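Hi,

Here is the structure I promised to send over.

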Amino acid sequence: MTHMIILGLDGATFTLIEPWVASGRLPNFERLLEESVHAELESTIPEITVPAWPAFATGRDPSVLDMYGFTHFNRETRENDLSHDEFVPGKMWDVVDDQGGSSVVFNIPGSYPWQEIDGTIIAAAPEYKDEYAQPPERWDELTDLVDGYKLRNDEPPGSRAYIDLSLELIDKRFDAFEHFIRTESPDLAVGLIRATDRVAHHYWGDKDVPPASPDNPVFEIYRRVDERLGAFLDAHADEDIIVMSDHGFEKVRASFAVNVVLEQAGLVSLTDSGDTTKAALGSARDIASDVLGRAGLLTLARKVVPESALTDVPTGDTLGLDNALSMGRIDWTETQAIADVGQKTTMVYILEDDADEIDRVQSRAESALRESAKQEGLDIRFKRLERGGPHTPDLCMIIETPEVHASSRFDAPDTLFEVDTSGHAREGIFLARGPSFRNGTVDGACLVDIAPTVLHALGYRLPASMSGDVLPIFSDDTDAARCDPEYYDFVGADALTAGGVSGDDEKEDEVKDRLRELGYLE
């Protein structure tokens, strides 16, 4: 019997679940709320899929992982590095393996490259590959089981085909996850459904809460998850199950142009033109991508046109940070700070090495952002970080105002400008049901708390490197409630296999296209 199951629902949010439960549309989520200890789950800073899932898996903050998004600014090279397939050691399933247990890990972003464990890993990202499994023969087992399996949805977003494939992938992911749990009976099983995030990005619509109607794609996805969740809970009625998300979701009606504020404060300087050839190529490429995408031919075009021909060509028709870097528009001799963004979080990088200068520029940046946010009526907070690796920002600004995100754009029409989109919220969901858990609610739960809580529930020692806490969610008669967690020195082994897009110029554009499509790049 499996001892602990974690079912992740990427981007799932109580913003949708609670009103749809109240209207009787999600009966199995309603049942889970009644039978569980639950809470809003605060995401990482920033609230992005990567680093959120690696932080979930390791119990370590992004500041320890030195990972701040699918791409993150590199202070040393002054470029944007792709990070979503960097090896992250010390995940909770590595700890289970180190102490003699087995695991099934299914569809978790950041699970590749992996270290070898006793059990099965079916990886999610990197998404430009067609298959990933450890041991490799598990892939054939998977595809035979569900009559074909896909790591991603390649249908054009906005189409009915995208929704239909999303629903199909939900079923296949539930079927496959259940199969590996049943056949391997691991100590720990961790699986993820990603459609709750992807469809929310593309189909949220203009309402604060999309309507719970059969023709609403977001509701369709949640309703299918609810149906599968009911069968899943029945199949594991006597086991401990945690249902959680890496962040929440919300309607976004305005963006705060942080680099514009820094430029107005004299901390950022742009050149007049930059690389005009790249800019022209980028505009042409955007037009072609839009036409091909609407015709459903973009995937085919990528196979015909060598990606090497498009390396470093900007994409997207706004001057966000990534395009400003690609086109050489930033005057580094006159720039002291630069802002990268992750949905509701702004990451400010100080381009100084002297401690006193870092502190001085940090204070100027914070003052400028605070004053501008106050003028725009925004509720914000700041967090200063100790400098770790080249990707660690010096200052983070988190927007607390609902329906407002940060933007890296330098060409924004105003400091605060209207948009009509959707994106991540800081609070995800957490529900724990089973013999080990009490009912009710818990306060102050954070994403990095899940790994130490799970390991403690299973009776394993915790790596001393974990920054999360064990949540007080256990029944009084359990060992986990009666005993304090034990810690030990554990880092993890080297990657069994490696790869990905780091240094692979032919794939960087394809990955960035997907990230921009989902709103992660401007």
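Two strands count as paired if DSSP finds at least two bridges between them. Helices (H or I, at least four residues) and strands (E, at least two) are DSSP runs, numbered from the N terminus. Bear in mind that this is a predicted model: local features need pLDDT of at least 70, side-chain atom pairs count only at pLDDT 80 or more, and totals for chains, interfaces and linings use all residues. Residues are numbered from 1 along each chain as its sequence is written, and side-chain values use heavy atoms, with hydrogens and water left out.

Strand S17 (residues 427-433) has partners in S2 and S9. With S2 (residues 37-42) S17 runs antiparallel, joined by 6 bridges, and Glu40 has Ile429 as its bridge partner there. S9 (residues 240-244) also pairs with S17 in the antiparallel sense, over 4 bridges, with Val243 opposite Leu431. S17 is mostly covered, as 6 of its 7 residues are buried (buried means under 20% relative accessible area, exposed over 50%, partly exposed in between, with a 1.4 Å probe and protein chains only).

Then there's Gln336, in the loop between helix H13 (321-326) and strand S11 (337-342). Its relative accessibility is 16%, so Gln336 counts as buried. Beyond its neighbours within four places in sequence, Gln336 is in contact (heavy atoms within 4.5 Å) with residues including Gly266, Tyr349, Glu352, Arg360 and Arg364.

As for the whole protein chain, there are 17 helices and 20 strands, and 60% of the 522 residues are buried.

Cheers
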